[in-house]
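Biologist: Could you take me through this model one region at a time, keeping to what can be read from its atoms?

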Amino acid sequence: IENRLKPIYDRLKLSTGRLELFTGIRERRFWESGTMPSDAAACAGRMAIEKSGISQDDIGLLIHSSVSRDFLEPATASVVHEKIGLNENAMIFDLSNACLGFLNSMVIASNLIESGIIKSALIVAGENGRPLVESTINNLNSNKSLTRKSIKGSFASLTIGSGAAAAVLVHSSVSKHQHMILGGSCMVASNYNNLCQGGQGDESKKEDIGVHDNAEILMNTDAETLLMAGCALARKNWKKMKSVLKMNSEKFNRFFCHQVGSAYRKLLLDTLKIDPEKDYSTFSFLGNMGSVSLPATLSLGIEKELLKKDDIIALLGIGSGINSLMLGVKW
């Protein structure tokens, strides 16, 4: 990526290596060309159903929760539903809320389960970061008006990667594993909704939503202010969540946070007074995968056997807007 940015680097006399230096991100992944968000989400969904031990015929709700979607209409959930082959009685819809969509969907699904409307739900997300990164590189190299100061708004876009995640949530009476959502809390600081905004780069491509390889989408981010405001909101919400769950920080065995980069991780852990040894991070090799980052990090932590029975874990989500949603889980 930095080799491709050579024109803007040379023009503004910027040194190479700054992406990893400032973010701690060494790598990230992109889907093969032609992969749609529904393709990735359906693949993750099938894997989650198989691991859950729940019959896919019993899934009463499907939520597609990523920023990336196949198209504006219909809901990408309808495509995922067909690709997996879920039953015709399932409720399906898309829920998009920046990097918090997956956790928001967990809360909605949990409440529908608790209310008795459904017994099980499937939450999926498929993020395609390639169009944003490609559009950003092209814009940086072609826009001769950019200065060292004005390019800062595009920097966060170069940290984005692709990925998919899925989770099956069920009523405790049918659970095969007895992991349990304990509760959580949310807070919002909507006065900061202008700190990270993305949209069409080319008005002639209105059918695209940043998910096709030829889509043109650009994002402007005040990364420094977003970092400070986000962690300030997280501090307030962390205090609120501990009060809701009636737990202190020492009660939590593991933390899984939204993955942005090294500066965010350090400030967040310092702000919340969390032991770095209890946190597991993936941004160095996956980048920021939007709504997928937190659940994918949890999934990889499970694969690495970081969790043992009865561990208490905290899922610490934050997304532009600014929103913060935190959940406690007993493993």
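**The sheet and its neighbours**

Modeller: In this predicted model, four strands form an open sheet with mixed pairing, in the order β5-β10-β9-β8.

Biologist: Which strands stand at the edges of the sheet?

Modeller: Each of the two strands in question has a single partner strand, so one side of each is left without a neighbour in the sheet. On average, neighbouring strands of the sheet are turned by 15° against each other, direction ignored. The strands at the edges are β5 and β8 (254-257).

Biologist: How many bridges join β9 to β10, and how do these strands run?

Modeller: The strands β9 (residues 312-319) and β10 form a hairpin with three residues between them, where Gly 321 takes a positive phi near 145°. Within the pairing, Leu 315 has Leu 327 of β10 as its bridge partner, and Ile 313 has Val 329 of β10. The strands run antiparallel, and the number of bridges joining them is eight.

Biologist: Which residue of β10 stands opposite Met 187?

Modeller: Strand β5 (residues 180-188) runs antiparallel to β10, and eight bridges join the two. In β10, the residue standing opposite Met 187 is Ser 324.

Biologist: Why is β10 described as largely enclosed by the rest of the structure?

Modeller: Strand β10 covers residues 323-330, and a residue counts as buried when its relative accessible area is under 20%. Helix α5 (residues 101-114) packs on the sheet and touches β5, β9 and β10, its direction making about 60° with that of β10. Strand β10 is called largely enclosed because the number of its eight residues that are buried is seven.

**Helix α4 and its packing**

Biologist: Which elements do the buried residues of α4 pack against?

Modeller: In α4 (residues 76-84), the buried residues are Thr 76, Ala 77, Val 79, Val 80, His 81 and Ile 84. After this helix comes Gly 85, whose phi is positive, near 85°. The buried residues of α4 pack against α3 (37-52), β1 (61-64), β2 (91-94) and β3 (120-127).

Biologist: Which backbone atom lies 3.4 Å from a polar atom of the Ser 157 side chain?

Modeller: Ser 157 is placed in the loop between α7 (152-155) and β4 (163-170), and with a relative accessible area of 0% this serine is buried. Leaving aside residues up to four places away in sequence, Ser 157 touches Leu 132, Val 133, Thr 136 and Met 219. The atom lying 3.4 Å from the polar side-chain atom is the backbone oxygen of Met 219.

Biologist: Which backbone nitrogen does the side chain of Asn 128 reach?

Modeller: Asn 128 is found in the loop between β3 and α6 (130-142), where this asparagine is buried, with a relative accessible area of 6%. At 3.3 Å, the side chain of Asn 128 reaches the backbone nitrogen of Arg 130.

Definitions and conventions
Residues are numbered from 1 along each chain as its sequence is written. This is a predicted model: local features need pLDDT of at least 70, side-chain atom pairs count only at pLDDT 80 or more; totals for chains, interfaces and linings use all residues. Side-chain values use heavy atoms; hydrogens and water are left out. Buried means under 20% relative accessible area, exposed over 50%, partly exposed in between (1.4 Å probe, protein chains only). Contact means heavy atoms within 4.5 Å. A polar contact is a pair of N or O atoms within 3.5 Å; within protein, one must be able to donate a hydrogen and the other to accept it, and residues adjacent in sequence count only if both atoms are side-chain atoms. Two strands pair if DSSP finds at least two bridges between them. Axes are lines fitted to C-alpha atoms, for helices over the stretch in contact, and angles run from 0 to 180 degrees between N-to-C directions.
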